[in-house]
Amino acid sequence: MQDQEAIDAQWMHRALELARKAEREYDEVPVGAVLVAADGTLLAEGGNRNITEHDPSAHAEIVAMRQAGQALGNHRLLGATLYVTLEPCAMCAMAMVHARIARVVYAASDPKTGAAGSVFDLLSDPRHNHRIAVEGGVLAEEASAMLTGYFRAKRAKG
């Protein structure tokens, strides 16, 4: 049986592929998310779509959770792990709490709007009736480099 670190790296590599696709095909901020069921099967995945869809809520995590909810016929995603290339924002974090996701694994921290411990700690706040286990920093360097490159290129274009 694979150890948890290897499993986390495997799914994060897939999330990074989705982030690259979001940037390459849609000129979106390169963020990807993969939602995995408690039994280890893929439930859903997504990349940022908020620019393309003119939808401020279409972050990669929300896209994946919406797909999973539709596929399962349930708004609760019990036992699931969400892998995402950037630390979730407050909107995404609260959606995860409401969906009852069990665990979030993210790559790069977000020192401006991170809500999984960097700026806010919404996922493990004891005032919620559900708390989510958090693991940060999985393949962080690769995700950070991708995001930095994206924003540098945007600034260079003016």
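Let's start at Val 34. Not counting residues up to four places away in sequence, Val 34 touches Trp 11, Arg 14, Ala 15, Leu 18, Leu 42, Ala 44, Glu 45, Thr 81, Leu 82 and Tyr 83. Contact here means heavy atoms within 4.5 Å. This is a predicted model: local features need pLDDT of at least 70, side-chain atom pairs count only at pLDDT 80 or more, and totals for chains, interfaces and linings use all residues. Residues are numbered from 1 along each chain as its sequence is written, and side-chain values use heavy atoms, with hydrogens and water left out.

Back to Val 34. The residue sits in strand β1. Helices (H or I, at least four residues) and strands (E, at least two) are DSSP runs, numbered from the N terminus. Val 34 counts as buried because its relative accessibility is 0%. The cut-offs: buried is under 20% relative accessible area, exposed is over 50%, partly exposed is in between, with a 1.4 Å probe and protein chains only. Val 34 and Thr 85 are 51 residues apart along the chain, and their C-alpha atoms are separated by 9.3 Å.

One of the contacts of Val 34 is Glu 45. Glu 45 belongs to strand β2, residues 42–47. Its own contacts, leaving aside neighbours within four places in sequence, are Arg 14, Leu 18, Ala 33, Val 34, Val 63, Ala 64 and Gln 67. From Glu 45 to Ala 15 is 30 residues in sequence and 7.8 Å in space, C-alpha to C-alpha.

Now the core. Which residues have the most contacts inside the largest nonpolar core? Met 65, Met 96 and Ile 101, in a core of 46 residues. The elements giving two or more residues to this core are α1 (4–26), β1 (32–36), α2 (60–72), β3 (81–86), α3 (90–99), β4 (103–108) and α4 (140–157). The largest share, six residues, comes from α1. By nonpolar core I mean a set of buried Ala, Val, Leu, Ile, Met, Phe, Trp, Tyr and Cys residues joined through side-chain atoms within 4.5 Å. In soluble globular proteins, nonpolar side chains tend to be buried together.

Take Met 65. Leaving aside neighbours within four places in sequence, Met 65 is in contact with Leu 35, Leu 77, Leu 82, Cys 92, Ala 95, Met 96, Ala 99 and Ile 101.

Next, aromatics. A search of the whole structure finds one aromatic pair. Tyr 150 and Phe 151 are edge-to-face, 5.0 Å centre to centre, with 85° between the planes. Rings of Phe, Tyr and Trp (its six-membered ring) pair if their centres lie within 6.5 Å; planes under 30 degrees apart are stacked, over 60 edge-to-face, the rest tilted. Tyr 150 is buried because its relative accessibility is 5%. Phe 151, at 36%, is partly exposed.

Phe 151 also takes us to the largest pocket. Its lining has 22 residues, and Val 29, Leu 86, Asp 110, Leu 147 and Phe 151 lie nearest the centre. Helix α4 gives the largest share of that lining, five residues.

Last, two backbone points. Asp 27 has a positive phi of about 55° although it is not a glycine. Asp 27 is in the loop between α1 and β1 and is partly exposed, at 37%. His 54 also has a positive phi of about 55° without being a glycine. His 54 is in the loop between β2 and α2. Buried or exposed, this His 54? Exposed, with a relative accessible area of 72%.

Terms used. 1 Å grid on protein atoms, 1.4 Å probe; cavity = no way out; pocket = protein on both sides within 12 Å on 5 of 7 lines; lining within 4 Å.
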